[in-house]
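Biologist: I would like to learn how to read a model like this one. Where do we begin?

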Amino acid sequence: MGAREGQPLDTRTLNEQLDDTLKRVFGHQTFRPGQRAAITALERGRDVQVLLPTGGGKSLCYQLPAIRHVEATGGVTLVVSPLIALMEDQVGALRARGVPAVALHSGLAHDERAAAMREVQERGGLLYVSPERVRVARFRRWLGALPVGAAAVDEAHCISEWGHDFRKDYLSLGVLKAELGVPLIALTATATARVMDEIRESLGLLSPLVVQGDFRRPNLALSVELLQGDLARADRVATLVRTVVDQKAGRAVVYAATRKRVKSLCAFLRKQGLPAGYYHAGRSDGARSNAQEAYQGGRRPVLVATTAFGMGVDHPDVRLVVHAEAPGTLETYYQQAGRAGRDGLPARCVLLYSTKDAGTHARIRGDSVHPGRVEGWGALQDYVYGTGCRQRALVRHFTGVDGPACGLCDACLDPAAVHASVTASRQALAERGRTREAKRRREEAINLSTAQDDLVVAFVDHLRRPVSKRMVALGLKGSQSRAARRKKLSENPQFGALKDLPERALILAVERLLTEDRLAPRGKKYPTVWIPNKRVRQAAGTSPSRPRGFRPSNPLEASLKRFRRAEARRRRWKAYQVFPNATLVAIANAQPRTLEELGVVRGMGPRRLARFGPRLLELVGAASTT
Ligand code: ADP
Ligand code: ZN
């Protein structure tokens, strides 16, 4: 924002002015560590790079100077933010404080956008935009004509392909520095030294002031326990929770990955006489606020929750955060474990890990996912299977700096035990891998007899239309799966004819029969199999069978489909442009509770997430309460 004309840049005066705005607009008494340094540098025209833990108060670092800028000159501060929901939250909070702020994003109708642009032109203030918008040259020309004093890039780690949230559009934010020529402030809660460098280079920051927070939490005793299965973990959760309850001091939070598990864990704890409540986004508002009240008031100091629980309900006296299942990334873990011991008194964070968690999260992620997300899970696994100081591992992950060992975590207190359990778990894992591999080999070695080959061909011959190899195998096995039912495979006379053979052997047989020309490949988009030289009859007039028109198989799918139809009509899009059937089904299966979880559903992608995310979460939430 630079020096404002006629005002001396006396540090003391500036400090007083900053204190004044902090109290007057935000109602805070003192700055948090790093905030004043970041603000002062920015106001003096220097680029700033902020690395503060979640909840460290990053937004204030650009909001406060932006407010001073608009109050003094009516000027504008640009804020680049990755999610509409985040933008809307912040804009709402600022406007409630009387600060002029608007968000421009793809969710706005034409006239809303025009009104927002007019408001910025007339009143100045904070202008929140998505990174996509910055790429639009026309937008930048419009922006260039406004009195922009500074620009902020929130969640700046999205620039890095190696971070956990890569966003392609972030790569083009370098134009900001080049074209606007104003000081930039880039903020993130998670960045290794390498990512910090990438942010600096990509944005073109000029010898920025680096404000780096302290990620250590010296009062937290971290530990990981490798257990097999849910029952063992539920028992362990009960034991851990009991120690907190018996001491009658403070609260405990138990995290689980799914709503079902949250509910069953809570029931389990209650059966053991423990005062537990549960919370997830799918419960009715009433049930949710009851659970929260009982927790807050101390009547039920144990809360079992999904990741949806958190924002704004932090309590300083949480003595224990136990994860009954692994969270999806190390970032999430740090954030959730970090809710323990906010009062600075000793607290425990226990992560109960079972190898099956890897499968759970792979399913939640789907398989078409950018490498960063997988890396976030990889970091969590490294943490779980690490044998060095936990505290140091976390700090290193977030800052790239190796701190001292904490002396409190399991690895510090009993390195031999940690080492032994990690080794044992790795061995068990390798053993299971070998068993699976051996089974696969056995299945692949199975050779079908001539008579069995004939049954495979007969099955295909009785099909009305070509299907995939896997579908042939499912049909011959007599599968009752949804996919098999949808294709009406049970109507085939050979349905279940080879039910004793493994699916893998059947697929291989189909592949062999294809090379022997007893079956023929069909289908361009989806490879299918058919009988050589046999004509495929057009579907007989009556039943308009798939693929046209997706038929929902549960209420959530139906409501997602309604939503899609309405959106498509409103935007004059094709339904699949809103999202394809596969994504619709994936959302219904994953039942995501947070934008983060929704973002990793197959086919969602950042654009769809930004456009539809919050409303989709509402639909999911509504469906699961009924
Ligand atoms: P971050 O973006 O770093 O996760 P936020 O900017 O959302 O954090 O701030 C987290 C919380 O801290 C908010 O509730 C905010 O009001 C509060 N906060 C920020 N700065 C201060 C301060 N100086 N004093 C007290 N509370 C603050
Ligand atoms: Zn340690």
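Modeller: Begin with polar contacts: a polar contact is a pair of N or O atoms within 3.5 Å; within protein, one must be able to donate a hydrogen and the other to accept it, and residues adjacent in sequence count only if both atoms are side-chain atoms. Here, a nitrogen atom of ligand 1 lies 2.9 Å from an N or O atom in the side chain of Q35. An oxygen atom of ligand 1 is 2.7 Å from an N or O atom in the side chain of K58. For S59, the distance from its side-chain N or O atom to an oxygen atom of ligand 1 is 2.4 Å.

Biologist: What kind of model is this?

Modeller: This is a predicted model: local features need pLDDT of at least 70, side-chain atom pairs count only at pLDDT 80 or more, and totals for chains, interfaces and linings use all residues. Residues are numbered from 1 along each chain as its sequence is written, chains are lettered from A and ligands numbered from 1 in the order written, and side-chain values use heavy atoms, with hydrogens and water left out.

Biologist: Which atoms coordinate the zinc ion (ligand 2)?

Modeller: Donors are N, O and S atoms within 2.8 Å of the metal (3.2 Å for Na, K and Ca); water is not among the atoms, so sites may look incomplete. The SG atoms of C389, C406, C409 and C412 coordinate the zinc ion (ligand 2), at 2.3 to 2.4 Å. Along the chain, the donors follow the spacing C-x16-C-x2-C-x2-C.

Biologist: Is C409 buried or exposed?

Modeller: Buried means under 20% relative accessible area, exposed over 50%, partly exposed in between (1.4 Å probe, protein chains only). C409 is buried, at 0%. C406 is partly exposed, at 25%.
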